[in-house]
Structure formats: structure tokens, C-alpha cells
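Good morning, colleagues. Please look at the structure on the screen while I speak about its strands and its aromatic rings.

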Amino acid sequence: MSEYRMPSLGADMKDGLLVEWYVQPGSALHRGQVIALVDTHKGAIEIEVFEDGVLEEILVPPGERVPVGAVMARIASGTDAAVAASAPAAAAAERATSAAPTAEPAAPPVAAGPPAPAAPAPAPAGGPSFREPPILRGSGPGGAVTIDDVRAARATRPDGAAPVEPVRESRPRASPVARRIAETLGIDLGTVRGTGARGTIVRADVERAAGERRAVPPQTPPASAAAPPPEPAGAAAPAFTSSMREAIAAAVSRSAREIPHYFLATDVSMARALAWLARINEGRPSSELLLPAALQIRAVALALREFPDFNGFWIDGALRPAAGVHVGIAVSLRGGGLVVPAIHDADRMQPDELMHALSDVVSRARTGRLRGSEVADGTITVTSVGERGVETVFGIIYPPQVALIGFGRITERPWAEGGMVGARPVVTITLAADHRASDGHRGGLFLSAIARRLSEPEAP
């Protein structure tokens, strides 16, 4: 028997709001399976289970705020799992047996007599009626009756009369953060399409609906209607944005206070990398194009094989190198704020695989469909501000990580090579590192390894 606890989805997370369980007691669980939806300041995150077994008991109902590390459920494994899995079926069999009528002994034959009296006439209309309650056949795990079973039973009257109006949910399914945003922005959730798990409306859905509403040109109001006043410049940010900003500020403040940072930077010619990309992308549709970001992430991941002291965590006064290279990508959210999902085992991926993984994780980050392991497992962070037109970025380490790599915009600059000066596409790479885990000498070698990998894009 083991306990499933609320996972930490980042160093700045203290608790999360349990939105929904995707499994019920008696369900078979497999390592990596998504079992619940949790709402945090980073948005709605799907959390996974990390072992095989059977869910024996749920200890926290939806709607409760759960501290990190608190027990949420119990999971049976091995022999206990077999017992737990059979329990719902055994309970259903016991209910069926107890509900079955007891067989009566056969009555002895009797001589034919007068006909039996007729059955009593039915009660007059409007009089009392006594019926056995209908038996619901559950479609849930182990025969459990679900809300859908109840709705289906209520949709047809017991006497065979016309179906009645089915029971409808009083309000759309939405995460608490999405509800707060909708209330702040005046969005009717009934008009919003949910893209979260099981159609749940998440923060990104509300933000999209708000953006679509702003994009519609305002209609000229009738003479009797008063036009709403324009939103003043510098209006306060929505509550959800303020919440995320506060969490980011807390994490950055802790990092700046506790981690002795040092910073290094180097310029790298991207001429060979861009020429290689041009050859690879020739004839490809736009949906399959490789971007420089894929080569940059791969260069960082491969360099970390040579310098594992930048790939890990500072915990309890010591460096703990990570078992895998899980590169966290800083993604800015459309409604404001930042989230850093990780691409797992990035050092084992080819450029095309990395490009697909990058597009996928960015898309899901901006629609609120990230998994807990993607948010919590990053072993180093990569941030790129090139699309914002910035040439250099010096980031702050995300604890308990020990390093952060920044990429600026690729720009044409004077470049001396082979005794000749010419214009070359150049990018500035920066390193923010924890002086407790490494030093400037190692940091310089690490940056040089990244630069070398970018200059050899075709290398395995």
C-alpha cells in the first residue's frame, strides 16, 4: 500500500486546488497515467501517477485546496492491488445476491377448485401509488452508479410515459481560475468552448474568448443606450495575472536572495547553422519547417552531457545531478505570466523530434493542458527573447535548478574569420549559474560547448 501525495509543480508552489478526479476507487493505474486535474497559479495542470497499481481510496474530494505533500489517495500494489481490484466486483455480486428473491419450496398439488379471484383494480387516478424504486445499472468501475446513469434513468418515467427533460448541469464545467477570470472580464462561461480535460473551460479558453470579443468592432449603440466608458490606460491587471505575477516575484526574490549567481556571455556565428537549416527546409511545407530554436535547445542538451554539473538541483546544501536532461522552456502566456514546461530527454532527440516537442509543449502551455511532470521535471531552463527583438538576456535561476541559458535575437554583425571581416548572423548566448555548484571556468567551457554544437548542426 502506498500514498499518493500532492506533487510539487514548481519550487514556488505551496498548494493546489483539486478540480477533478479522472479515476475512481477500483480503477487500475499505470505509471504515467493522468489521474486528476489541479488548479495552480500556473493554470490547470493534469497530474500523473508514478507507479502501477489499483486506486483503493480517494481521501480528498474535488473543490478542496491541498498542500504540497498532503496525502490525496491510497494506491494498492502487488497482492493488495488484486484484492482492491476485486473488491468492487465482490461488492456488486453481494448486492445482487442480497437483492435476488429467495426460492420458495414447491406447493403440493391441490384439487381443482373455483377460479382465483381477479386481481384488485388499479388505484384511481390521482390516488396514492406504490412502486418499487427502479434499479439503476451502473456504468462506472465495479458497477458504480455515475451521475450519467442517474440522468439516463430520470430521462424516462417508470410508467412508460413520455421522457422528461434531462437534468442539466447548473453551470459549465470550468476551473476555478477560469471562473475568476470570466467574472473579472465579464465573460459568460456558457458561451465559451472548453479545451481542457473532458471539456473543462480553462484560463486560456476565457482569455481567447475575451480576445475575440475585443476583436469584434464595436457597434454604434442606439440613441437611448449609454455607451460604456473606455477602459483607462494603465488599468489594473486581471486577478489571475496578478496572482501569477506574485508567484513569479516570490520565486525570483528567493532565487536572488539565496543563490550566488554569476553571469557569462559569448557571441556565436549562426552562419553554418542557418545554411544547414535552409538545406533541410527546402521543399518542406510550412508546418514541418525547422526553426533555429530546435538547434539551440539541442546544442544545450548535448553540451549538458559533457557538463552535468549544470544539469541538476541544489538541495540540502549539495548538488544533485539529474538522471536525465529535461530542458525547461520559458513560455510567455498570452494573458500575462510565465510557465516553464520541460522537454524530457532532449539530448536523445534529433532536430525534427525537438521541433515537434517544442511546438507541442508551447501550444499546450498556452491552452492550459500541461502535465504535472512537464512543469516539475525541468533540470535546466532555456529562455529566448529573440522574437521580442532583444539581443541579450541575463536570466535568474529557477530554484532548485543551478543554471539558466539565454538566447537573444540573431542579428547581422561584423565578424572576423580567417583574417577577413564580413557580416555574419550572430547570436549572443548567456549563462546564469549557481556559484555553489560551478565556477566561471566551468561556465566558460560549458558555453564553448554550446557554441561548438551550434557550429556543427549536422553532428550526431
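Two strands are said to pair if DSSP finds at least two bridges between them; helices (H or I, at least four residues) and strands (E, at least two) are DSSP runs, numbered from the N terminus. This is a predicted model, in which local features need pLDDT of at least 70, side-chain atom pairs count only at pLDDT 80 or more, and totals for chains, interfaces and linings use all residues. Residues are numbered from 1 along each chain as its sequence is written, and side-chain values use heavy atoms, with hydrogens and water left out.

I begin with the sheet. Four strands form an open sheet in the order E1-E8-E6-E3, with antiparallel pairing. Strand E1 (2-5) and strand E3 (28-29) are its edges, each pairing on one side only. Four bridges join E1 to strand E8 (residues 71-76) in the antiparallel sense, and Tyr4 stands opposite Ala73 in E8.

I turn to the aromatic rings. Rings of Phe, Tyr and Trp (its six-membered ring) pair if their centres lie within 6.5 Å; planes under 30 degrees apart count as stacked, over 60 as edge-to-face and the rest as tilted. By this rule there are three aromatic pairs. Phe263 and Phe394 make an edge-to-face pair, 6.0 Å centre to centre with 90 degrees between the planes. Phe263 lies in strand E9 (residues 261-269) and Phe394 in the loop between strand E17 (380-384) and strand E18 (403-407), so this pair ties together parts 131 residues apart in sequence.

Which residues form one aromatic cluster? They are Phe307, Phe310 and Phe446.
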